[in-house]
Amino acid sequence: MSGTAHEISDVTRRAIIDHLSVAHIFWSGRLSDDEFLARLYDLSTMPSYDYRYSNAAGDVRQHMVRNRDWDDNWVFFDGRFNLLHASNGEFLRFLCETLHPVVRLDEEQVSELLNIYNEALAADGFVLVPGKTISGRSLFVAQAVHRAVVFEEPTGWQKVDRQLQEMRSRLDSAETEEQFQGVGLLCREVLITVAQEVYNPARHPQIDDRVPSPTDAKRMLEAVFQSELQGSSNDEARAHARAAVNLALALQHKRLADFRTAALCAEGTWSVVNMLAILAGRRGRRDR
């Protein structure tokens with residue numbers, strides 16, 4: 001994980017817990033609670049809250065395997081794990097582990113969980129993205145979202161440039177929730193427009209069995225980045241590109257919009273456009 005300037009708030013952590021409860025998704029996946037936690041912690045060195053057992057391994061197994069008499073999301077409120085107040089790194093490591101292929105086989109549920117996490121984390125400047133793969137399945141890692149605008153000159157895609165300018169103008173003047181939501185909607189239009197500019201089915205094979213519709217920016221852009229950034233040497237660049245797309249798309253649909261959310265959405269959108277402009281040869285060194 002990169003970046004230490006952001007802090008994952010208690011509000012964000014509780015939002016994730018609430019989402020898990022409402023969606024009835026178990027954080028431990030197909031593993032028992034003690035099996036899952038043993039992947040992250042040495043339970044044998046942690047205290048037991050049940051006098052009958054000498055360590056956490058014993059009482060977790062008793063109360064969540066034999067009896068299952070604790071709340072499903074007990075781990076988030078247990079002082080031994082302290083996930084509500086643990087460091088960013090520890091909390092994000094826990095979330096990434098819930099998406100591990102050993103823990104969760106159902107790829108649709110992985111996608112659902114990933115969307116839940118990224119929508120909540122975006123407000124605090126983090127996103128979970130695919131990293132390495134194991135047996136064809138992704139292992140997820142956390143990234144901090146940084147502002148690093150290298151190129152601000154027009155791309156030459158006239159409609160994209162007009163929309164980017166409008167996006168910046170609306171963000172600068174937005175004051176109400178509806179206006180901030182309008183920035184998110186414009187970000188969506190930018191991604192659709194730039195995807196239509198760069199996506200070529202003959203050059204960019206589809207990423208799954210669904211043919212992208214003319215407004216399916218996510219599939220079109222993933223196909224572009226997958227084709228244009230091939231090979232292990234481009235793993236990080238592909239991960240960054242996916243993170244920017246996922247961040248922008250996730251933030252577009254947040255109902256409680258504010259400046260921070262809208263600004264992060266705009267940054268993700270701007271980053272996607274700049275990466276595509278670089279790949280398309282529309283960014284280069286200026287004459288010196």
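View 1. (Helices are DSSP runs of H or I with at least four residues, strands are runs of E with at least two, and both are numbered from the N terminus.) With a relative accessible area of 38%, R68 counts as partly exposed; the scale here is buried under 20%, exposed over 50% and partly exposed in between, using a 1.4 Å probe and protein chains only. Keep in mind that this is a predicted model, where local features need pLDDT of at least 70, side-chain atom pairs count only at pLDDT 80 or more, and totals for chains, interfaces and linings use all residues. Residues are numbered from 1 along each chain as its sequence is written, and side-chain values use heavy atoms, with hydrogens and water left out.

**View 2. H24, another loop residue with positive phi.** H24 isn't a glycine either, yet its phi is positive, at about 55°. Look for H24 in the loop between α1 and α2. Is H24 buried or exposed? H24 counts as exposed, at 67% relative accessibility.

**View 3. Helix α3, from its start to its buried side.** Helix α3 covers residues 56–66. At its start, a side-chain oxygen of N55 comes to within 3.1 Å of the backbone nitrogen of A57. Further along, the buried residues include G58, D59, Q62 and H63. An α-helix has 3.6 residues a turn, so residues three or four places apart point the same way. What do the buried residues of α3 pack against? Their partner is α2, residues 33–38.

View 4. A nonpolar core here is a set of buried Ala, Val, Leu, Ile, Met, Phe, Trp, Tyr and Cys residues joined through side-chain atoms within 4.5 Å. The largest one has 41 residues, and L37, F94, Y117 and L128 are those with the most contacts inside it. Elements giving two or more residues to this core include α1 (10–23), α4 (88–98) and β1 (126–134). Helix α5 gives the most, with 7 residues. Setting aside neighbours within four places in sequence, Y117 touches I16, L20, L95, T98, L99 and L128, where contact means heavy atoms within 4.5 Å.

**View 5. The second core.** There's also a separate core of 39 residues. Among its members are V245, A248, A266 and L276.

**View 6. A142 in strand β2.** A142 belongs to β2, which runs over residues 137–144. A142 is buried, with a relative accessible area of 8%. Where does P47 sit relative to A142? P47 is 95 residues away in sequence and 29 Å away in space, C-alpha to C-alpha.

**View 7. Stepping back to the chain.** There are 10 helices and 2 strands, running α-α-α-α-α-β-β-α-α-α-α-α from the N terminus on. Along its principal axes, the C-alpha trace spans about 75 × 45 × 40 Å. Of the 288 residues, 50% count as buried. If you take the contacts with a separation of 6 or more, residues 24 or more positions apart account for 64% of them.

Conventions: A polar contact is a pair of N or O atoms within 3.5 Å; within protein, one must be able to donate a hydrogen and the other to accept it, and residues adjacent in sequence count only if both atoms are side-chain atoms.
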